[in-house]
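Reader: I'm new to this one and would like to learn how to read it. Could you walk me through it, feature by feature?

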Amino acid sequence: VEHVGYKPTLNKNPPLKGLKTASTFVLEQPRCVFDKYSNADIWLVVALEQTAAAFNDSVEPGTPESAYQSFPASVPAYMTLNATLANYPCPKPTGDITVLRVGSETSCAHDMARYTCNGPLPGPGPYQVKFLALEGSEPVAETDWSDPITLETAKSLSSISTTDGRHSAGMIALTTILSILFAILLAGLVAMLVFWGSDSCGGSSSTFSKPEAVTVQRYNTHHVYDQPAARL
């Protein structure tokens, strides 16, 4: 088996979000590494740091001896993400994102017919990976093992401190500011209610004088009736 001078690395360019999660990590593709082996299938070998040395290159992929479902209980390393050299063209086309996400398949995690499943990683690790080129069932070339890769871990609720000094000071300051703002708002609301109440009361106590009735005295034009009719 030829040892090629390449060490698998986590993706760095372009930087991607979710480089490491609780069950996956993102590797750079091995471009321009196995150009001499145009007929080879290239496999990714995944192991725990403490079991990597126990992996035997002669183990064939797709067998119980290299099955994802038995890792790490009875299998020191599993083989997954097989590809041909055509999948790793050299040089890479401009603009291509040349990465592999290890641990991204969930549908085959318990499928014993898919020994090469790229299933979620079972713990935080640390893990080590390498690429292995096989022609048929014969290994012909391999890379170095990667540096140890430790996944993210979620904090349990019991491990989160609620008495941290900075946290408490920040909460106290925030609570104080909110209390002051609430008091100002409440005082303004009370003042408005008092103002509206006094205005309403003053309006209801106002008295309106009834306008005096206007009498019109009737006058009779007496001279019309008192004068005797004119005689001709």
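This is a predicted model: local features need pLDDT of at least 70, side-chain atom pairs count only at pLDDT 80 or more; totals for chains, interfaces and linings use all residues.

Reader: How do the strands line up in the open sheet?

Author: Order along a sheet is a matter of who pairs with whom, and two strands pair if there are at least two bridges between them. Here five strands make an open sheet in the order β1-β7-β6-β3-β4, and the pairing is mixed. At the edges you'll find β1 (2–3) and β4 (77–84), each pairing on one side only.

Reader: Now the disulfides. How many are there in the whole structure?

Author: For these you check how far apart the sulfur atoms of two cysteines are, and a pair within 2.5 Å counts. The search turns up two. One joins Cys32 to Cys90, with 1.7 Å from S to S. That pair ties together distant parts of the chain, 58 residues apart: Cys32 lies in the loop between β2 and β3, and Cys90 in the loop between β4 and β5.

Reader: And which cysteines form a disulfide with sulfur atoms 1.9 Å apart?

Author: Those are Cys108 and Cys117. Cys108 is buried, at a relative accessible area of 1%, and Cys117 is buried too, at 0%. Counting bonded cysteines along the chain, the pattern is 1-2, 3-4.

Reader: Why is the disulfide of Cys32 and Cys90 called right-handed?

Author: You look at the torsion about the S-S bond. For Cys32 and Cys90 it is about 100 degrees, so this disulfide is right-handed. For Cys108 and Cys117 the torsion is about 75 degrees, so that disulfide is right-handed as well.

Reader: What about the backbone? I'd like to know what stands out there.

Author: Most residues other than glycine have a negative phi, and most peptide bonds are trans. Cys32, not a glycine, has a positive phi near 60 degrees, and its relative accessibility of 41% makes it partly exposed. Leu81 also has a positive phi, about 55 degrees. Leu81 belongs to strand β4 and is partly exposed at 23%.

Reader: Where are the cis peptide bonds?

Author: One runs from Phe71 to Pro72, with omega near 0 degrees; Pro72 is in the loop between β3 (41–48) and β4. Another joins Gly125 and Pro126, with omega about 5 degrees, and Pro126 is in the loop between β5 (99–102) and β6.

Reader: Last one: which residues does UniProt list as "transmembrane region"?

Author: An unreviewed UniProt entry lists residues 171–196 under that name. In the model, this stretch is 100% helix and 0% strand, and its end C-alpha atoms are 37 Å apart.

Key:
Residues are numbered from 1 along each chain as its sequence is written. Side-chain values use heavy atoms; hydrogens and water are left out. Helices (H or I, at least four residues) and strands (E, at least two) are DSSP runs, numbered from the N terminus. UniProt positions are given in the numbering used here, feature names are shortened, and annotations may be inferred rather than shown by experiment. Buried means under 20% relative accessible area, exposed over 50%, partly exposed in between (1.4 Å probe, protein chains only).
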